[in-house]
Amino acid sequence: MTNKEITKEDKLGIVASRIHDLKINKFNLELTLLEEASIFSPNTADVESINLQIEVYNSKITALEDKYTIIQSE
């Protein structure tokens, strides 16, 4: 096995893939929120929990997008 460094393109691909996965997970939560809100009596604790999870995903996405930008400028 050779000692091959991770290239800039490799890093960008990895980060982009992680961002994509986070966006998919966030979208699934948004759909869950929509479903919860559509019922006659939504559970407010569930809605608050889902909203908090969406905020966490937003933070993670922002952090990785910042990292992507840093890698691009290397």
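## Helix 1

Helix 1 buries Leu-12, Val-15, Ile-19, Leu-22, Leu-29, Leu-33 and Glu-36. In this predicted model, those buried residues pack against helix 2. An α-helix has 3.6 residues a turn, so residues three or four places apart point the same way.

Helix 1 runs over residues 8–38. Its 31 residues should span 45 Å at 1.5 Å a residue, and the C-alpha atoms at its ends are 45 Å apart, so the two values agree.

## Helix 2

Helix 2 covers residues 44–73, which makes 30 residues. From its first C-alpha to its last it reaches 44 Å, close to the 44 Å expected at 1.5 Å a residue.

Which residues of helix 2 are buried? They are Ile-50, Ile-54, Tyr-57, Ile-61 and Ile-71. Helix 1 is included in what covers them.

## Glu-36, a buried charge

Glu-36 belongs to helix 1. Its relative accessibility is 15%, and buried means under 20%, so Glu-36 counts as buried. Glu counts as negative, yet Glu-36 has no salt bridge. How far away is the nearest side chain of opposite charge? That side chain is Lys-26, at 19 Å, while a salt bridge requires a side-chain nitrogen of Lys or Arg within 4 Å of a carboxyl oxygen of Asp or Glu.

What is Glu-36 in contact with, leaving aside its neighbours within four places in sequence? The contacts are Pro-42, Asn-43, Asp-46 and Val-47. Ile-71, one of the buried residues of helix 2, is 35 residues from Glu-36 in sequence. In space, the C-alpha atoms of Glu-36 and Ile-71 are 39 Å apart.

## A nonpolar patch on the surface

Phe-27, Leu-31 and Leu-34 form a nonpolar patch on the surface. Together these residues have about 290 Å² of accessible area.

Leu-31, one of the patch residues, lies in helix 1. Is Leu-31 buried or partly exposed? Its relative accessibility is 34%, so Leu-31 counts as partly exposed. Helix 1 therefore holds both Leu-31, which is partly exposed, and buried residues, including Leu-29 and Leu-33.

Notes. Residues are numbered from 1 along each chain as its sequence is written. This is a predicted model: local features need pLDDT of at least 70, side-chain atom pairs count only at pLDDT 80 or more; totals for chains, interfaces and linings use all residues. Side-chain values use heavy atoms; hydrogens and water are left out. Helices (H or I, at least four residues) and strands (E, at least two) are DSSP runs, numbered from the N terminus. Buried means under 20% relative accessible area, exposed over 50%, partly exposed in between (1.4 Å probe, protein chains only). Contact means heavy atoms within 4.5 Å. Patches are made of residues with over 30% relative accessible area and no salt bridge: like charges are joined within 9 Å, nonpolar side chains (Val, Leu, Ile, Met, Phe, Trp, Tyr) within 5 Å. Accessible areas come from the Shrake-Rupley method with a 1.4 Å probe; for residues, only the protein chains shown count as cover. The expected span of a helix is 1.5 Å times one less than its number of residues.
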